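Hi,

Here's the model I promised to pass on.

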Amino acid sequence: MDFLDLNFVWISLSALLIAIPCSLVGVFLVLRKMAMLGDAISHAVLPGIVIAYYFSDSYQSIPMLLGAASVGLLCTYLIETFNKVGRLQEDASIGVTYTWLFALGVVMISFMNDNVDLDQDCVLYGEIAYVPLDTLSIFGALIPRAVVNGSFLTTLIALLLIVGFKGFKLTTFDPVYATAIGISITFWHYLLMGMVSTVTILSFESIGAILVLAFLVIPPAIAYLLTNRLMSMIYLSMVFSLVAVILGYILAYKINSSISGAIASILALEFLVVFIGLQIFKILRRRATKVSYSN
Amino acid sequence: MEKESIIEAHDLTVSYDKKPVLWDVDFKLPAGLLTGVIGPNGAGKSTLLKTLMGILKPDSGYVKLFGNKLDEVRKKVSYVPQRESVDWDFPASALDVVLMGLYAQKGLFKRINKADREWAMYCLEQLGMQDYKNRQISQLSGGQQQRVFLARSLAQNASLYLMDEPFAGVDATTEKSIIDLLQKMKNDGKSIVVVHHDLQSVNEYFDWLLMVNTRLVASGPTSEVFTQELLEETYGGKLSILSQMAHILKNLEIGRKEHEKI
Ligand SMILES: Nc1ncnc2c1ncn2[C@@H]1O[C@H](COP(=O)(O)OP(=O)(O)OP(=O)(O)O)[C@@H](O)[C@H]1O
Ligand SMILES: [Mg+2]
């Protein structure tokens, strides 16, 4: 079997259709210095997922989406309340909130384990290798469900971001000024967190919570190092996601490892290469200016 | 009849964590003036501006702008936050930031068109920043960042401007050109309120003064309230400032006398 077969197309396409919406919301998470909030939400939605799964018996359905999204927002709300009302530091509020929500989800899973096909491994690492097996028939063509869902997710997030671009930009850069001109920063904050929750929920089954988080944070972080334009930051983080998906799949194929793990490793490698490359570039440039001074 | 008042603050009390930082502040500000807000660090000057802008909710009392509730007149009011209030590493250019000033009038969902860009460029030019339009904001000096903030406020084309320390970190030449701009805006009928720290220039810059130290010590024409007694009350027993003040007031007096001689 060659890795450039249909499996490759479907698996990498489904990963990409998660990576792109993740990068889109991730750029604003990183700029708001809220990467850890993304981490918290991606874990905290677990009880919502379990409850919804219990009632609807399927991973990806509307009740599932709503259930998990509302737990995601609840998590955001609790963190804000502990932080603002209780005067607990933000990082401590995040730590307190998502660990117990995640733990609750894990306990719920172990209680339901007998009759429910949902386990911790799946939640954390996903099962992207099985993506091509679970298909839907669309206009007579058999398309993996993950690809269909991913297309929906990508369209939804891209649309929200295009329509709300100025709102996200302004409330991220200068929330005080935004309030002064009558824009609700609370609305934009919860909208973004709602988007993070949705991305997480729709993605975790195929790629798992860890890779979701990697996609949310690493590509925007790499792009942030490389550019000082918001639009190029968005484009660059999509490019880095794309490269990681393709190289990650190839790597997993060659060494016969987990696809999610390989993609996450490539993301980390990309970050390291860019980071070290930039440091070397800086040193070389400094040396070049020194040489030109001494001449 | 009394001149129309542009800001009315009625018995404002504002606190953080139940600790009041503004106490029973009550004043009316006539329209069309350049007003200075002075007081020591921590006096509540920024808090006062934020409360006037509705960013902070007062424990008691209320604010009227143009005789209306804030929400009805928000578009006509522009606010310049203290420069340190934002992260200047944000990936945006000077022009991007100035364009944000247009969101107040246009809303968040209308496209920015060519005329908007030209208007934003004009505002940058007013502050001598046109050559920096594409510069990333972290690569601007503190004074240049301050001017970008002012240009954004200008772009909003408001009638009332509330500015929190627009002269902080700005060199003397720039300060002069900014104050000239503010005078020009005043002559165009705008009202401007400026939090200011340099007591040396108070008399020269402002028509009206709000002197704040948790309580409102004085609100009135600069010529009437900029006195040793009220300054002492505003700045408490802070020796260095008081001796500095004595010096300034003496100079003023000498200036006035010489003026009378001529
Ligand atoms: N977010 C906050 N939480 C708690 N206390 C605050 C907060 N912001 C300001 N304060 C306190 O309120 C008081 C007034 O602060 P404010 O910023 O209005 O002073 P200021 O007159 O603008 O001072 P400065 O000249 O230093 O800018 C200070 O004692 C400050 O410590
Ligand atoms: Mg202040």
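Below is what turned up around ligand 1, plus a note on one tyrosine.

Some bookkeeping: this is a predicted model, where local features need pLDDT of at least 70 and side-chain atom pairs count only at pLDDT 80 or more, while totals for chains, interfaces and linings use all residues. Residues are numbered from 1 along each chain as its sequence is written, chains are lettered from A and ligands numbered from 1 in the order in which they are written, and side-chain values use heavy atoms, with hydrogens and water left out.

The shell around ligand 1 has 14 residues (a heavy atom within 4 Å), and Asn41(B), Gly42(B), Lys45(B), Ser46(B) and Thr47(B) are the closest. By type, that shell holds 4 nonpolar, 7 polar and 3 charged residues; here Ala, Val, Leu, Ile, Met, Phe, Trp, Tyr, Cys and Pro count as nonpolar, Asp, Glu, Lys and Arg as charged, and the others, Gly among them, as polar.

Now the atom pairs. The side chain of Lys45(B) puts an N or O atom 2.8 Å from an oxygen atom of ligand 1. For Gly44(B), a backbone N or O atom sits 3.0 Å from a ligand 1 oxygen. Tyr16(B) has a polar side-chain atom 3.5 Å from a nitrogen of ligand 1. On its own, ligand 1 has 640 Å² of accessible area (Shrake-Rupley, 1.4 Å probe), and the protein covers 63% of that.

Cheers

Note on methods:
Polar contact = N/O pair within 3.5 Å; in protein donor to acceptor, adjacent residues only side chain to side chain.
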